[in-house]
Amino acid sequence: MKISVLQQMYKDVLAGVPLAKESHHYTSLLNLCIEQALERDESCDGMHLPSPNGGVGSHQDTGMSDVVVPTTDDLSNSFANMNPAFCPREVMLLQLTLMKMMVVKAESQETELNARQKYCEILGLLLKEAKIDSKLICLLSSCDQLLSHMASKSLSSLLYFQLKEENALNATWLTFSLKTLSGFPVHTRVAECLWTLTTLIKDIVKEKVLPKAGILMRLLAPLDAVLEGFYDSILFHHFDSHHYTSPYSEAANNLISFIDLLEALLASRIEVELPLRCQRVLFLKVSYVLNLIGSSVHYLIKKNFIMLLKKCVLYKSREDAKRGSTFLQNPPLYEDMLALSNTVLQVVNLTWLSQIPLSGKSSWFGGSEASPGGDTQGGSDQTVLRALSLIVLKALEFKCQNSATEAEIKEDFQSSMSQLLIFWRSHLKSSLQSHPVVHHCEWLSLIFIEQDDDMWEAARALLLIYLKIERLVHDAADNLSQKEEETWNSLTHTNGYNPHCVFLFFLEKIAFDSTVLLDFLISSETCFLEYLVRYLKLLRKDWHRFVEVCNHFDTKHGTFQSISSVKPPHQEKQSSMTDESLQNACCEPEPQILVSLASSHGSLVFTTGQGDNEVAESNQSDSLVCTDSTSVLGSLQSLVNYDSSEDSELESDGKECLVPTKQVPLNNESERRIRETGCSHIDDKWNTLKSEVLPLKQKGSNTSSCLTCTVSSDNIIPLRIMLHKATQCLEELQKAISRLQSRNLFPYNPSPLLKLLSHIEEISKNVNLQ
């Protein structure tokens, strides 16, 4: 029987052994008999799912009623032991699986040469003589969803094989795709066509050997115009129709499939020097997507588009890192990011954010209920909340970086930040009713504390905005008056982007645990390294402002309020120093100051006045090049330019930079050693802090109780607990990095970073001696 021969062929291909018989024999075995599938489709109506027993009408074996058809996951494992009496549907599934397997084996260098040649010969005969491409295209429209899905997978594999081997795009499939996409919306069934194209693009992008640019151009150039037209057709709709309220409708399926294609196109443009129009259309016509997100379309579709836009705003650093060039040397990307940023900020200023309801329930394996014990933080989808926030912040960053004057920045920035602050407050309202946030700079750590990579992208964006505006402010007036400095400083707090506040609130959330910072530094998943370098360079020039902000944390208005109990992202690694933090600092008219210390799970906030003098002139250089968070460790030479500051001679001679001299595999054992080495000194330093700041700490009290101390008012040096904790955290980080470097455990050369940290330590000690 045919099935038994196919089973033997499956075993041989799986083992990668040469096939014994002539190629035409195997071609005939793999040739699809789609008439049976089409007959079955004629009897289908409504929403069709694969029959549990498969089969086609009269072709169904009556003795097979109790046979359980394998699922997709275990299909390949069960084919070799398949019952010879299986029905035609299972025969067809086995044929489709074999086609895909043969393509994989033919491309693998591990397969024997003569076996690979045999597979290539069979695949060539299938395409040229059996016209298997036409049959697979017909099978795409099958109402049997499993057959349609497998046909799409096999077709994309054969198309990819033909592109690689013959350097040509399949004409039959190209005609089908052009007709299908250009016929929308008259002909609504386009998802299957989009699946095949998406899979094909992803296969090309994943290829490690081929010159991807040429193959992508051969694939996409003929489809370029029709894909842009399809973008307009499918997104320029009124999405209040009931067809878009369910994720299972054909209209919703088309949209979700199109999102996957747009994501593949976004990933593919990094491979070509000059992207095609279809690879840029999402940036240039992002208003269509923004309108859809604000419509009544199903929440799943909105969420997918929001996550896609997040990838767009993070795309610039990925492309810069890959090409090793500055952003302005890539005009198409510059134009695309400018168009996207302008459009996003335009709709945000029109209260677009308030039109987006965030679902309180996340999908769990297809369900709508949150996991037991899950924290929904006020009923809003935190993933989407962070994504929308990051989209706005990155758009603001790009707009500010490409504005020449303060006036060009001021209006958009203040308007967008006010809308973003309202958006944050509304979606965290229920969780913060008892402890309202009274300082805007804290919102960043509250929103992003559970997602490290997003948090540091957002923090870097705010830091770059601050540096640009500060430079423009001081360029406009060489010597700012005290009132002008106070006004500028007040605006940084009001709009929530004062870099010292942002950094201190974050340190507070992680209880000043330097091992958390160390984890971020050795991670390739965040841009924390670049953020920290930029911030330390600002800090050494802006030390007095940093001290004043720390003093505000300690003494501003005499009272601090605990506002949240956000768990730090690395709570399991916190040392004994995390057990205590400042909660209340009350200024009394009596000759003594009472300081209360409580659990570190609380967070500190303060209210800033409009006239606070917290700033002085600073001229921070902003010549560092942005890089992707996923390639920080691999592209650090272009990431940090330590010669850009005025005191670069204090750091290096210009030749030393953060480059990976020796990559250390960060497996579980090495991470454990890093942590143990990095935090071995924390207990001693915390004891030092307690002895200096809390000399009258009550003996025998546990860490959960309030600790009190009395400090004499005769001491002219004010309490600087926040300053002490922050500088001590940086000092611990410096020593941990030094220990790791001495043992050759750090994944790159941290010498320039250590010099920056040493400089900060020196400044801190000099100030304490004065």
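A polar contact is a pair of N or O atoms within 3.5 Å. The model I am reading is predicted.

**Entry 1: helix 9**

I looked at the start of helix 9. There a side-chain oxygen of asparagine 170 comes to within 3.0 Å of the backbone nitrogen of threonine 172.

Next I checked the length. Helix 9 covers residues 171–182, twelve residues in total. From first C-alpha to last it reaches 16 Å, close to the 16 Å expected at 1.5 Å a residue.

Which residues of helix 9 are buried? I found Trp173, Leu174, Ser177, Thr180 and Leu181. Viewed down the axis of helix 9, the buried residues fall within an arc of 135°, so they line one face of the helix. The face turned away from that buried side carries the exposed residues Ala171, Thr175, Lys179 and Ser182.

I then asked what the buried residues of helix 9 pack against. Their partners include helix 7 (132–140) and helix 8 (145–166). Helix 10 (191–206), helix 11 (212–220) and helix 12 (224–235) are also among them.

**Entry 2: aromatic pairs**

I counted aromatic pairs and got 22. I took tryptophan 456 and phenylalanine 520 as an example. Their ring centres are 5.6 Å apart and their planes stand at 75°, so the pair is edge-to-face. Over 60 degrees is the cut-off for that label. Tryptophan 456 belongs to helix 22 (residues 452–476) and phenylalanine 520 to helix 25 (residues 514–522), so the pair ties together parts 64 residues apart in sequence. Both residues, tryptophan 456 and phenylalanine 520, are buried.

Tryptophan 456 also pairs with tyrosine 531. This pair is tilted, with 5.0 Å centre to centre and 40° between the planes. Tyrosine 531 lies in helix 26 (residues 528–541) and tryptophan 456 in helix 22, so this pair ties together parts 75 residues apart in sequence. Tyrosine 531 is buried, as is tryptophan 456.

I noted the wider group as well. Trp456, Phe503, Phe506, Phe520, Phe528, Tyr531 and Tyr535 form one aromatic cluster.

**Entry 3: two charged residues**

I looked up arginine 269. Its charged end sits over the ring of phenylalanine 283, 5.2 Å from the ring centre.

Then I turned to lysine 394, found in helix 19 (residues 382–401). Is lysine 394 buried or exposed? Its relative accessibility is 8%, and buried means under 20%, so lysine 394 counts as buried. Leaving aside neighbours within four places in sequence, lysine 394 is in contact with Val313, Leu314, Glu457, Arg460 and Ala461.

Technical notes
Residues numbered from 1 in each chain as written. Predicted model: local features only at pLDDT ≥ 70, side-chain atom pairs only at ≥ 80, totals over all residues. Heavy atoms only, no water. Phe/Tyr/Trp six-rings, centres within 6.5 Å; stacked < 30°, edge-to-face > 60°. Helix = DSSP H or I, 4+ residues; strand = E, 2+ residues; numbered from the N terminus. Buried < 20%, exposed > 50% of the residue type's maximum accessible area, 1.4 Å probe, protein only. Lys NZ or Arg CZ within 6 Å of the ring centre and 35° of its normal. Contact = heavy atoms within 4.5 Å. Expected span 1.5 Å × (residues − 1). Arc of directions from axis to C-beta. Polar contact = N/O pair within 3.5 Å; in protein donor to acceptor, adjacent residues only side chain to side chain.
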